[in-house]
Amino acid sequence: MGLKDDLERFRAVGEKRREDLAEFIQYGELNSGGDDGIRVPVKIVSLPSFEYDKRDQGGVGQGDGGTPDVGQPVGQPQPQPGDGDEDGDPGEEGGDHEYYEMDPEEFAEELDEALGLDLEPKGKRVIEEKEGPYTDLTRSGPDSTLDFERMFKEGLKRKLAMDFDEEFLKEVCKVDGISARAVFEYARGQNLPVSMAWIEEAHDEVADERGKWDDIEAVEANVERESVQDQIRREGIKHVPFRREDERYRFPEIIEEKEKNVVVVNIRDVSGSMREKKRELVERTFTPLDWYLTGKYDNAEFVYIAHDADAWAVEREEFFGIRSGGGTRISSAYELAAELLEEYPWSDWNRYVFAAGDSENSSNDTEERVIPLMESIPANLHAYVETQPSGNAINATHAEELERHFGDGDDVAVAYVSSEDDVTDAIYRILSTETEATDDD
């Protein structure tokens, strides 16, 4: 078997595991997770293994006489008589299953791969500052951090901008009858950075030689001018002028490490209309979301709220199994959520508010209370999951009202789950709605 065939089999195994994961989310027993890990049932598959080339019968200490049988996988004993079923006898038992255990972080990675998600959570609260690369500059520091390259470049630019051929200008000062002012005006016309004081000093210095040249044209024709670049090549870098103001010292960029904290508020309707099937669909949708966010964030905390006409906080164990009765007022849950979230400041915590129910609500509560409350609670994402196994009831309008109001706006998702087949689509709909958070939100 070639490496290409092995690679294809490995890819097939990975794809099969993602299919098992999706099937587990939709139909499996969601009673694992948390500190014990997530146990996903997978059908036993044949993993790629090395086998001996049929043309090579040389031994490596395996099989009779040290020679393995053709096609026998390395490291596995040869089948013994009596192992397995007789030839041609069909098996009578169902397919074997094993469990693949993964922690929430791996579950999140697998779900990202299975659903094509790309959620990269942002940290909010700074927990550590550490030194990064030496990219910033300051005017003081230890000698070992002096940016000599920059200082040299500054000195070199100054020399190129300020230096001139002094000997050539002294020759101009020797022109018959020329004044210091005339020499200065000539130098300025040649863009030579020379001062009048220097010209006057040089003019006086060569007074005895005045008359050596009839005019400036004679100087230009007979005296070779040396450029600053040629002067540096001749003298070397020892005459490059360095100044204190050119000194800069490198120091490291300070990188802030931010802890990725998340609080997830799970809200569910426990009014009399929430029958067993509806409750099961809530659990089947919310549980993988909890696992996913636990795997994505450094620190994840969960708040569970149950409501009928009133709302109250519950533990996770109660959240999915609790039964109640009476009417429904969804806004009561958001009022409690806003109160509980005061313990998780938006500046320090990422927030998710997930609610689920059958979309039945008291008259005008969605428009007058729920929508304003959702808009007033800052969060990475608000989501509502409608669970209606038998289709929409006449008075089940909450999800539709949310959709009409928020439309395709960022950070609000509405999903519909009428059976297990809708669960993975609902999870994708919810998680793919979140836009990228910013650090200063």
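The legends below describe close-up views of a predicted model.

**View 1. Overview of the protein chain.**
The protein chain has 441 residues, of which 41% count as buried. Its secondary structure consists of 14 helices and twelve strands. Among contacts in the protein chain with a separation of 6 or more, 78% are between residues 24 or more positions apart.

**View 2. The largest nonpolar core, with 42 residues.**
The members that touch the most other members are Phe107, Phe286, Tyr292, Tyr352, Phe354 and Ile430. Helix α9, residues 276-296, supplies the largest share of this core, seven residues. A second, separate core has 27 residues, including Val263, Tyr344, Val370 and Leu373. In soluble globular proteins, nonpolar side chains tend to be buried together.

**View 3. Ile430 and helix α14.**
Leaving aside residues up to four places away in sequence, Ile430 touches Leu289, Phe354, Leu381, Ala383, Val385, Ala413 and Ala415. Ile430 is one of the buried residues of α14, and the others are Val423, Thr424, Ala426, Ile427 and Leu431. Seen down the axis of α14, the buried residues fall within an arc of 160°, so they line one face of the helix.

**View 4. The aromatic pair of Phe107 and Trp291.**
The structure holds eight aromatic pairs. In the pair of Phe107 and Trp291, the ring centres are 5.4 Å apart and the planes stand at 85°, an edge-to-face arrangement. The pair links distant parts of the chain, with Phe107 in helix α2 (residues 104-115) and Trp291 in helix α9, 184 residues apart. Phe107 is buried, with a relative accessible area of 0%. Trp291 also counts as buried, at 5% relative accessibility.

A pair of aromatic rings is described by the distance of the centres and the angle of the planes. The ring centres of Phe302 and Tyr304 are 6.4 Å apart and the planes are at 15°, so the pair is stacked. Phe302 is partly exposed, with a relative accessible area of 24%, whereas Tyr304 counts as buried at 7%. Both residues belong to a cluster linked by ring pairs, together with Phe286, Tyr297, Phe319, Tyr352 and Phe354.

**View 5. Helix α12, residues 365-376.**
Helix α12 has twelve residues. From its first C-alpha to its last, α12 reaches 16 Å, close to the 16 Å expected at 1.5 Å a residue. Asp365, Thr366, Val370, Ile371, Leu373 and Met374 are the buried residues of α12. Seen down the helix axis, these buried residues fall within an arc of 160°, so they line one face of α12. On the other side of the helix, Glu367, Glu368 and Glu375 are exposed.

**View 6. Asn361 in the loop between β10 and α12.**
Strand β10 covers residues 350-357, and Asn361 lies in the loop between this strand and α12. Asn361 counts as buried, at 18% relative accessibility. Its side chain reaches the backbone nitrogen of Ile330 at 3.0 Å. The Asn361 side chain also makes a polar contact with the side chain of Asp365, at 3.1 Å. Not counting residues up to four places away in sequence, Asn361 touches Thr328, Arg329, Ile330, Thr366, Val370, Asn395 and His398.

**View 7. Glu434 in the segment after α14.**
Helix α14 spans 423-431, and Glu434 is placed in the segment after this helix. Glu434 is buried, with a relative accessible area of 12%. Its side chain makes a polar contact with the side chain of Tyr352 at 2.6 Å. Another polar contact joins the side chains of Glu434 and Asn380, at 3.2 Å. Apart from residues up to four places away in sequence, Glu434 touches Leu119, Tyr352, Asn380, Leu381 and Asp411.

**View 8. Glu400 in helix α13.**
Glu400 is partly exposed, with a relative accessible area of 30%. Glu400 and Glu386 are 14 residues apart in sequence, and their C-alpha atoms are 9.5 Å apart in space.

How values were computed
Residues numbered from 1 in each chain as written. Predicted model: local features only at pLDDT ≥ 70, side-chain atom pairs only at ≥ 80, totals over all residues. Heavy atoms only, no water. Core = buried A, V, L, I, M, F, W, Y, C linked by side-chain atoms within 4.5 Å. Buried < 20%, exposed > 50% of the residue type's maximum accessible area, 1.4 Å probe, protein only. Helix = DSSP H or I, 4+ residues; strand = E, 2+ residues; numbered from the N terminus. Contact = heavy atoms within 4.5 Å. Expected span 1.5 Å × (residues − 1). Arc of directions from axis to C-beta. Phe/Tyr/Trp six-rings, centres within 6.5 Å; stacked < 30°, edge-to-face > 60°. Polar contact = N/O pair within 3.5 Å; in protein donor to acceptor, adjacent residues only side chain to side chain.
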